[in-house]
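Hi,

Here is the structure we talked about. Please open it first, then read the notes below.

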Amino acid sequence: MSELNTQLRELRERFDAAVAAAQDAQALDAARVAFLGRSGEVTLLRRGIGQLPAAERPSAGKEINAAVELMEAALQDAEAALQSREFEAELGMRIDVTFPAPPAALGAIHPLRRVTEDICRYFQRHGFAVVLGPEIEPEYYNFDALNIPADHPAREGFDSFFLTGNLLLRPHTSPMQIRTMQQHRPPVAVVVPGRCYRRDAVDARHHFQFHQIEGLLVDRGVHFGHLKGMLTGMCRELFGRDQQVRFRPSFFPFTEPSAEVDTTCPLCRASGSPCRMCGGSGWIELGGSGMVHPNVLRNMDYDPAEYSGWAFGFGVERMALVRYDIDDIRRFYENDPAFLKQLA
Amino acid sequence: MRVPLAWLREYVELPVDPQRVADMLAQIGFPVDAIELRPVVTGVLVGRIAQLEKHPNADRLQVGKIDVGNGALLTIATAATNVALGQTIPVATIGAQLPHLKIERRKMRGVESEGMMVSAEELALPTEWFEDGIMQLDEALPPGTDVVEYFRLSEAVLDVDVTSNRVDALSILGLARELAAYQGTPLRAPEFGAFAPAASDAPGPRVSMDSPDCTRFVVQEFQNVRVAPSPAWMRIRLALAGQRPINNLVDISNYVMLETGQPLHFYDAAKIPDGHLIVRDAREGETLQTLDGEERELTPRDLVIASERGAEGLAGLMGGAASEVRESTTSILLESATFNGPRIRRTGARFALRSEASTRHEKTLPPVLSTWGAQRAAQLLRESGAKAGEPRVFGIAQPQTQEIAFDTRDIKRLLGFELTAQEIREYLDRLGFTVEPAGEQTLRVTPPLWRRDVTIAADVVEEVARMAGYDRIEGVIPAVAEHDISSNEYVLEGRIAATLSALGYDEVVTVALHGAQIFERMRRAGMEPTFQPVEVLNPLSEDQRYLRSALGPAHLEHLARLDTPARIFEIGHIFYRDEGQPLELPSAAFGFTAEPLQEPPWHDSHFLRLKSDAIALLRELTGRSDFEFAPDNRKGLHPGKTAAVLLDGREIASLGQIDPRLAKAFDLRLPAYGAWLYLERIPEFATPLYRPPSRYPSTYRDLALLCDVDTSAARVERVISGAIGDLCTAVRTFDEYRGAQVPEGKKSLAVRATMQRMDTTITDEEADAAIDRALASLRDELGITLRA
């Protein structure tokens, strides 16, 4: 056995001992540097090859290379073993996943906005724009242009807050029908969410401040069936996919024919028994609707023989009460953080 | 309107179940608000008091022998004091079921009582509207008749909602007509007899029509009138319909009004000189004592019915005391008239007079109703023994309605479904319209005399739709054509809400009306309101007199109520007077309360948090990030912690700490911070363009600068970035120090300047040279030195 062999064996023994003793990646790396590094022991050994007789040099080189290969393999195994010990240690840790998480810093969107946005999104999907309008309106927009002349008995239904003899807080969003039609020629396709005011005493179902959402579609060939289609879709978006919508004849000066709109009570459906929300009738009243009155179209210089349209106006609070099963309209304006977080 | 079902059934065949009747009414546009079911009452018979004696053992009781038919005489004791021999009364027999009582055989002070004499209360009628004690029935009723069956007391009462355009249906007959049309069954209208008015110049009562606001006036004289209680059937019917029975004359006028829809008025004919009535404007200063005893000052805006001696009544509202029908009245003049509704409404509103009659008159009645009212009243008055004179008609002689040219294609055009011409004619015919063909697709449609509300083709479409049933309408999704109506404002609101909620603010919706307490709080903080508020002329209460001129005050109240740190935002309109005119602006505000921090007084992390949120929000709204924050002074904000946010030199938002004095006045325990946006000034979103980053490494230099306390970080950063020029990618102040380590009047700012080249790696020499330029500029422009 050559001297080189002896040296290599001895070196291997020390190397194996060092690798075996290494408890972490750092110690392992130190062993690699000490033996296989640029100025490590193997390099020193290689330098000795030059002093060997020329005939021995190739076999000596081979021997060293074979030894290095083995040592590198041993290092890799040791590394792998070390890594897997580390994983084992890490994977052995157990936390209590039921431990409460800190609350996310996400704010709540008000339920009235949620309902409004859901409705608007539905209508936008079908080509409607969403427009907003002023809350202070002159009588012309609130009444006259909507075919409710002074002294019309229907004005009584709008018990309004007046600011001057002529200006009032809008009791409905319908003035925006007029403003939109004044500014655009057909097709007019808009929904109008907004705040309204009426002189209603406050109780669980009434408030002097409330929100409405108005819809208006005017074009050639628009009929009542289109209104039913859109409202059915809207109710399904809002309350669930099985919702039905029905119309009942009614009277509004700015529509003819006119209809009250009801949708099936989603709460009764969910619970399977008549509920307080709909008084056990199984139907929820949403509000008024109808085909835009020819006088209103004429006021806007639209030819009622050429154009037809429909409009509706629903209470947002009403829909939110039903959607979230809320007992009292005042909750919407109390802004209790617990209330808001719950519905966010 | 209260509609006793029994009354309705008299004129139209209807399903037994009241709910089905209610459903039908709703189907044709008359929603039923309530169905009042009657309590179960059985075993009550008509009895005649055949004998009446004092109770042998009790002073306050009487014992009667009551004939209840079939020769049976029941012995019944009673404590009632209004009983007398020969009276016809309701008697509950043994086994009878009364609302709260079952009648059993029992002894009253030793006398076996075989039933009970019954009062209105036991028949579940409004007690206070009937005689005290035992109810009095008509003599003509045969003993033994079942009272509940005869008076149909078991039938429900519907509370029907009649829309304001359908005054023709604000009556039993009107609703019966609608139901008959819908069912396609005959209407069994009462036989009024012929209406044969005398010539209006014939001798007899006459009316001078001196105002265009009375279009028709039917007058008729009745003699041999005797004021007495009405028969039981009429009293019961009126009571169930919600009208208090008074006497035969008042009851007849109410009955006719409820049945036909036409309100009537009776004058004591003896009090009307020459039987001459005059419809005219009231005179300035004229007074009238109305039936309710009120002395009323009239103006020419009021319409009166007068005699030659003066006003005798307010047209359509209330009669006068002078010609009121009294016990002594023996002859009357009947008024059945048609007025201009708005005029009646205005006077009614001024005098706060509202009655069943005025609610009908103020909707302008169809003139034909005045004929029906007079006819029906004449019939009932004759039945009560009065002698009727001939009616006379003033004003419109023959009521008419206008013919409408109706294109049958309008059905499909407006409703979306098709009906045959035959169906259309059938429906209109049932409703009393006259229909004649007038062309291939056109019909000449004449509404019935009672339908003043049907004047255009769309009205006819609704009539046809009601009869066909709105359920025929089928839902379809419209294909909406392209249009250019913008949703920008709404999109902006949505962005605000989405961003602020993502930043941890809860959205609130506060009440837009408030009372003077907000101003009082401001004054307590030593502040006068900046704006003249918009005031409501007719508030419901003083707490809701003013429209908010800012969102903040309601938020401070809310945050004070919460009393724990909270973050809130709101989007809504604000209002103030500008040169006297109400002005309305969209606004958005957000803010928070937070525990105070242990910080040096020249640093406020809460403010910086607010600012950071404002930047995030504004960036999301505008697509820009070059906002300028300038120190500002705003009423309500801390004078040293207020900033105006400028974009392109325009102020788009304000923010700062709420003035502690104001916070105190709002009872806030915690420091509060707030920001608000001037939404109308927020520029449209500008889509930012992509600038590819340099592929070469950047380098930075941190500078500790000694500068005057008043020199703003923004100023320092601007000078540095200007001096470095194109190499500069960012300058950011990251620390500030004031205190013992720096000279008086100075502060230290730590600023990092980052530099980078697009084309190659920046060298240290380049960077150092740039920093030297920056330091030179800082020194020259702001007197800033590097901190030793």
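Domain bounds here come from an automatic or database domain assignment. Keep in mind that this is a predicted model.

On that basis, chain B has domain 1 (2–38 + 156–183), domain 2 (42–150), domain 3 (206–395), domain 4 (404–471), domain 5 (488–681) and domain 6 (699–786). The centres of domain 1 of chain B and domain 5 of chain B, taken over C-alpha atoms, are 54 Å apart.

Chain B holds 19 helices and 40 strands. Its radius of gyration is 42 Å, well over the 28 Å that the globule rule gives for 788 residues, so chain B is more spread out than a compact globule. The C-alpha trace of chain B spans about 130 × 80 × 55 Å along its principal axes. Of the 788 residues in chain B, 43% are buried.

Now the contact between the chains. Chain A puts in 68 residues and chain B 73 residues. On the chain A side, helix 8 (residues 224–239) gives the most, with 8 residues. By class, that side has 40 nonpolar, 17 polar and 11 charged residues.

One helix pair in chain A is worth a look. Helix 3 (residues 41–49) of chain A packs on helix 4 (residues 57–91) of chain A at about 170°, with axes 10 Å apart. An angle over 145 degrees counts as roughly antiparallel, so helix 3 of chain A is roughly antiparallel to helix 4 of chain A. From helix 3 of chain A come A:Val42, A:Leu45, A:Arg46 and A:Ile49; they meet A:Arg57, A:Ala60, A:Gly61, A:Ile64 and A:Val68 in helix 4 of chain A. The residues of this contact are 6 nonpolar, 1 polar and 2 charged.

Best wishes

Note on methods:
Residues are numbered from 1 along each chain as its sequence is written. Chains are lettered from A and ligands numbered from 1 in the order in which they are written. This is a predicted model: local features need pLDDT of at least 70, side-chain atom pairs count only at pLDDT 80 or more; totals for chains, interfaces and linings use all residues. Two residues are in contact if their C-beta atoms, placed from the backbone, lie within 7 Å. Helices (H or I, at least four residues) and strands (E, at least two) are DSSP runs, numbered from the N terminus. Ala, Val, Leu, Ile, Met, Phe, Trp, Tyr, Cys and Pro count as nonpolar, Asp, Glu, Lys and Arg as charged, and the others, Gly among them, as polar. Axes are lines fitted to C-alpha atoms, for helices over the stretch in contact, and angles run from 0 to 180 degrees between N-to-C directions. Angles under 35 degrees count as roughly parallel, over 145 as roughly antiparallel, 65 to 115 as roughly perpendicular and the rest as oblique. The radius of gyration is taken over C-alpha atoms; the globule rule is 2.2 Å times the number of residues to the power 0.38. A residue is buried if 20 or more other C-beta atoms lie within 10 Å of its own, exposed if 12 or fewer, and partly exposed in between; C-beta atoms are placed from the backbone.
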